[in-house]
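Open your viewer and keep the selection tool at hand.

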Amino acid sequence: MPQSPKAPLAVLAGVGALVALAACDSTGSTTSAAGGPIKVEASDTSCAVAASTANAGNVTFEITNKGSKVTEFYLYAEGDRIMGEVENIAPGLNRRLIVEVPDAGKYQTACKPGMVGDGIRGDFTVTGGAAKQNDVNAQKSEATKSYATYVANNTSALETETAKFVDTVKAGKVDEAKAQYATTRAYYERIEPVAEKFGDLDPLIDVREADLQAGQQFTGFHRLEKDLWVTGLKPDSGQVADKLLTDVKDLVTKTKTLQLTALDLANGAKGLLDEVATGKITGEEETFSHTDLWDFQANVDGSKGAIAALRPILQERDPALVSTLDKQFANVQTLLDKNRNGDGFKYYNELSQDQIKEFASAVDALSEPLSKVAEVVSK
Amino acid sequence: MTSQAGNDEGARVSRRKLFGLAGAGVALAGAGAAAGVGFDRLGEGSTAQAAVSTVDFHGEHQAGIVTSTQQNLHFAALDVTTKDVGELRQLLRTWTAAARRMTTGQEVVPNGAVGGAAEAPPGDTGEALDLPASELTLTIGFGPSLFDGRFGLAAKRPAQLVDLPLFPKDKLDPTRSGGDLCIQACANDPQVAVHAVRNLVRLGFGVTEVRWSQLGFGRSSSTSRAQATPRNLFGFKDGTNNIKSEDTDLLRDQVWAQAADGQAWMAGGTYLVARRIRMHIETWDRETLDGQEQIIGRTKGSGAALGQAGEFDQVDLNVGGAGGVPLIADDAHIRLASHETLKGARILRRGYNFVDGSDGVGHLEAGLFFLAFNRDTRTQYVPMQQALSAKDAMMEYVQHTGSAHFAVPPGLTPTSTWGDGLFG
């Protein structure tokens, strides 16, 4: 948020508080939310949260890192669903986190010194207040129910197909495994924003080698992709495959308890296309197998799935937006169809610069109207 | 992953509010400056002047042509991707409304940057929030390819809007050439110019796509007698003999299209030639001072034509030096580009310097982004460039890498839009 450099300081000086906080708070936020700031003192071994209850609504935490390691602070709902997080709190710094918690219930706070592991947990109870966001409107409830079915169908297929893929890898059948790789991933790519709700699982299943952090193990689909296409199967490929199946099963279990809101659907539909724009259009996602167009198709399908669930709401509130979305979805699909090869697609490295540009342009044209869905839904 | 940031009500200040406050505060300073002090020297870089600086978006001609040249440029050429002429027409209306606001220092839409719904992406990208209008002008043009029949415009194509010929020594990059439409954004703050193009491009997704774009800094010509002549990256004053906004007769004859020229919808418009001219800076810098001055035909210090004393002294192409040898060589740049040599043909120049980093072998990817406006490109720019490309001694140090041509429609009234004449 661009502001003239003097403005936030002047405001703070006026209320006589927290000048030091503002200096390191990138949001420039000065207002306190309805819940009132709850102080959190983090050290390398402790996580002292000044209050363990709050009223539903916006809950504000003020975290001070008094330890020697960079830390993070999280608020989790049941099932380790991330409600809010603030990362990269350097020693000595204060950071503020405002989390919208609409529902009463049991939550957990966590500090993560060194930004690793499950963190130092504490129970946190939210009481009273706000109506359940996903129940306020029957239409929205229908939408999320319908999308939950879509997610369930895909996760179930993901589990089945991953099990087959893992067996093939373990049997050392490289060509067969290569053929299964992209089609198995499709089920994951369709619902990736859902998977991302579980902070730890997405990196285990889908991390790219280039994104690994120091000390992080290279696991999941892309590790096997590299084994299959570049290095040949390794002694631990079988173990990696087994771990992938375990993580996928874990994901499937967790998605069953997930409560999505209509807003989640809208943002997920947009997020999938953003993935295409940043990862697939550049050919970075499938750097060894070049099967980016399979993922691209799956992301588009997933986005369409979410929009399909929201369709009755959108149709009622903004029919023009629906026809724009239909048109741009169709346009992207036509382009994908032009690049089919048998049951699959051309490999990314077979595309010309002109074709890539054509894809980028079509994705931009779809993503702009998609980015307007959340606002329409939230009204 | 999401981390939620808080809202700060205090930060929700519209560009309009800020502009209003700042404008009132410095109006006096602006008036004082106008009396006596050279506008150019005082104005550039002065926040007082920047704050009061809007250029009227409306008028007989589009702003950004004879408007005193601003310091910075963002130029974008776009292709139309829709096949639906109605969508294109609508986009031109949307662009006009956005331009009308942005050129007065406002956001693209009311409450665009920070005042909108939290669940929606902001309607304005926000990087120009708090910045004054900075003399932003937005000028639009239509390329020859727009008239290819897709939109039923073939009969509207002006004869003057030729496909530019390939000139000798051109090394044109197709990814820096052509385009169905262009947007020229000029401002005294590069961020304001970039903001304007970025937001128009965003409004166009699904209807247009960017074909190429160019940033420019340090105007390399002046379009008003109130402005000093700037220097290009060769270190020479550039555009001393340019047509100035005060030369109304010359503008009428050489720049503004008339209904009688063939297409009534272009009356009051003009034709824009855009050429990306890469300069081989490093080899130029190893040329002797005398050699550099011979190539240009002017002295480097004062900018006076060879054989003259002052920058604006009348150029004499025939003045002889020792032994009767002409001081201005046969292949000097100013001789070949002069209207005496070109049967009176002139152009209005509005170019900018550019540096696009380095080229991978350690040389500056730099040069002049040449923009010029003329009434008939066939009889003005084309013969001029033919002569220069074929004979100019400077061609050893420059290479044309991009090329485009656009019909720039006339100016707007407060109720008209950019597509009116063309589609009307």
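Start with the cysteines. Over all chains, the count comes to one disulfide (a pair of cysteine sulfur atoms within 2.5 Å). This is a predicted model: local features need pLDDT of at least 70, side-chain atom pairs count only at pLDDT 80 or more, and totals for chains, interfaces and linings use all residues. Residues are numbered from 1 along each chain as its sequence is written, chains are lettered from A and ligands numbered from 1 in the order in which they are written, and side-chain values use heavy atoms, leaving out hydrogens and water.

**Stop 1: the disulfide**

Select A:Cys47 and A:Cys111. A disulfide joins them, S to S 2.0 Å. The pair links distant parts of the chain, 64 residues apart. A:Cys47 is in strand S2 (residues 47-49) of chain A, and A:Cys111 is in strand S8 (residues 105-111) of chain A. Strands (E, at least two residues) and helices (H or I, at least four) are DSSP runs, numbered from the N terminus. Now look along the S-S bond of A:Cys47 and A:Cys111. Its torsion is about 60°, so the disulfide is right-handed.

Are these cysteines buried or exposed? A:Cys47 counts as buried at 17% relative accessibility. A:Cys111 is buried too, with a relative accessible area of 0%. Buried means under 20% relative accessible area, exposed over 50%, partly exposed in between (1.4 Å probe, protein chains only).

**Stop 2: two cysteines in chain B**

Select B:Cys182 and B:Cys186. The sulfur of B:Cys186 is 11 Å from the closest cysteine sulfur, in B:Cys182, too far for a bond. B:Cys182 counts as buried at 1% relative accessibility. B:Cys186 is buried at 0%.

**Stop 3: a helix in chain B**

Select helix H5 (residues 190-204) of chain B. After H5(B) comes B:Gly206, with a positive phi near 100°.

**Stop 4: a buried glutamate**

Select A:Glu72, in strand S5 (residues 71-77) of chain A. A:Glu72 is buried yet has no salt bridge (a side-chain nitrogen of Lys or Arg within 4 Å of a carboxyl oxygen of Asp or Glu). Which side chain of opposite charge is nearest to A:Glu72? That is A:Lys112, 4.6 Å away. Lys and Arg count as positive and Asp and Glu as negative; His and the chain ends are not counted.
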